[in-house]
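Here is a short briefing on one protein model and its ligand.

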Amino acid sequence: MNQKPPGISVVILCFNEGVAIGDCVQSAISALSRITSSLEVIVVDDGSSDNSREILDSLGPLYPQMKLIPHHRNMGYGRSLATGIQAAANDYVLCVDGDNQFSFDDAEKLLALAGSCEVVSGCRTPRADPWYRRFLGKLYNESIQFVFGLEISDIDCGFKLIEITAARKLFPTRSNFAAWAEVAIKAQRLGLRCGNVVVNHRARQTGKSAVFNARSIATMLREVASMTVRFTLAKFSTADD
Ligand SMILES: Nc1nc2c(ncn2[C@@H]2O[C@H](COP(=O)(O)OP(=O)(O)O)[C@@H](O)[C@H]2O)c(=O)[nH]1
Ligand SMILES: [Mg+2]
């Protein structure tokens, strides 16, 4: 890494996170201002129907580093990441779920690997979710690892640092719920260097997950199946489009 700390664009995803989004934005700004030369915090509000937008609008005048990008309707996780990355102006993008389950104090550990890796993934240790989420998450992770043998160990961890040029190659993704799996596979195919860093994980404040429901799980499985076919067919190609 250069002597001067790199600039970071934090991309925070928000979908009905009124309980957590205010703390999440404020702790991003407070922790990252200390370790970066240039900071912007891009919040993608993906058509929230709770009070998220109200809270974000009230934070705008207080934090000039914050940039709010609203989707006028719910477009999904992968699409929202792509929106944030497209708007990012700094050397590195730190992608973070807006549910405040991660600690921005861990960003420094990810940044320490930035000189040697284009993609640095958090690895939730221990994962602070109920046992059935941990069980299904492990099954999902290990099935994808079994098929593709990826370098990223906690595929779905919503705390990842990506060098901007690499991020622009990895996004947009075709998958929405399975976007991180697609990113991990594409990164491997493109020969990007990936690293893993143990990060803290807190329990959700509301206990309500927006992705853990029958419809989202069905969509995710469909995306994984279609991705597996697509990447297996294109095994010797680095570009999937
Ligand atoms: N942009 C976007 N984000 C979503 C959507 N559904 C969930 N999320 C975000 O994805 C993150 C993880 O979702 P969550 O329900 O907490 O799943 P968990 O962390 O695996 O329990 C949170 O920050 C949510 O706000 C969606 O449809 N669009
Ligand atoms: Mg979460």
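Proline 126 sits in the loop between strand E5 (119-124) and H5. Helices (H or I, at least four residues) and strands (E, at least two) are DSSP runs, numbered from the N terminus. The peptide bond from threonine 125 to proline 126 is cis, with omega near -10°.

This is a predicted model: local features need pLDDT of at least 70, side-chain atom pairs count only at pLDDT 80 or more, and totals for chains, interfaces and linings use all residues. Residues are numbered from 1 along each chain as its sequence is written, chains are lettered from A and ligands numbered from 1 in the order in which they are written, and side-chain values use heavy atoms, with hydrogens and water left out.

**Backbone**

- Most residues other than glycine have a negative phi, and most peptide bonds are trans.
- Proline 172 is in the loop between H6 and H7.
- Asparagine 16 has a positive phi, near 55°, and is not a glycine. Asparagine 16 lies in the loop between E1 and helix H1 (21-32).
- Is asparagine 16 buried or partly exposed? Asparagine 16 is partly exposed, at 31% relative accessible area. Buried means under 20% relative accessible area, exposed over 50%, and partly exposed in between (1.4 Å probe, protein chains only).
- Asparagine 100 also has a positive phi, about 60°. Asparagine 100 is in the loop between E4 and helix H4 (107-112). At 10% relative accessibility, asparagine 100 counts as buried.

**Ligand 1**

- How many residues surround ligand 1? There are 17, and the closest are Glu17, Asp46, Asp99, Arg204 and Ala210. A residue is near a molecule if one of its heavy atoms lies within 4 Å of it.
- The shell divides into five nonpolar, six polar and six charged residues. Ala, Val, Leu, Ile, Met, Phe, Trp, Tyr, Cys and Pro count as nonpolar, Asp, Glu, Lys and Arg as charged, and the others, Gly among them, as polar.
- Serine 80 has a side-chain N or O atom 2.8 Å from a nitrogen atom of ligand 1.
- Glutamate 17 places a polar side-chain atom 2.7 Å from an oxygen atom of ligand 1.
- Arginine 204 has a polar side-chain atom 2.7 Å from an oxygen atom of ligand 1.
- The protein covers 95% of the 560 Å² of accessible area that ligand 1 has on its own. Accessible areas come from the Shrake-Rupley method with a 1.4 Å probe; for residues, only the protein chains shown count as cover.

**Core**

- The largest nonpolar core has 37 residues. Those with the most contacts inside it include Val93, Phe171 and Trp180. A nonpolar core is a set of buried Ala, Val, Leu, Ile, Met, Phe, Trp, Tyr and Cys residues joined through side-chain atoms within 4.5 Å.
- Elements giving two or more residues to this core include strand E1 (8-14), strand E4 (92-97), helix H6 (164-170) and helix H7 (179-189). H7 gives the most, with six residues.
- Beyond its neighbours within four places in sequence, tryptophan 180 is in contact with residues including Tyr77, Cys95, Ile162 and Phe171. Contact means heavy atoms within 4.5 Å.
- Apart from this core lies another, of 34 residues, among them Ala28, Leu56, Tyr92 and Leu111.
- The buried residues of H3 include Ser80 and Leu81. Their cover includes E1, E2, strand E3 (66-71), E4, H6 and H7.

- Aspartate 154 lies in the loop between H5 and strand E6 (159-163). Aspartate 154 is buried, with a relative accessible area of 10%.
- A polar contact of 2.9 Å joins the side chains of aspartate 154 and arginine 124. A polar contact is a pair of N or O atoms within 3.5 Å; within protein, one must be able to donate a hydrogen and the other to accept it, and residues adjacent in sequence count only if both atoms are side-chain atoms.
- Glutamate 118 is in the loop between H4 and E5. Glutamate 118 is buried, at 17% relative accessible area.
- A polar side-chain atom of glutamate 118 lies 2.7 Å from the backbone nitrogen of arginine 193.
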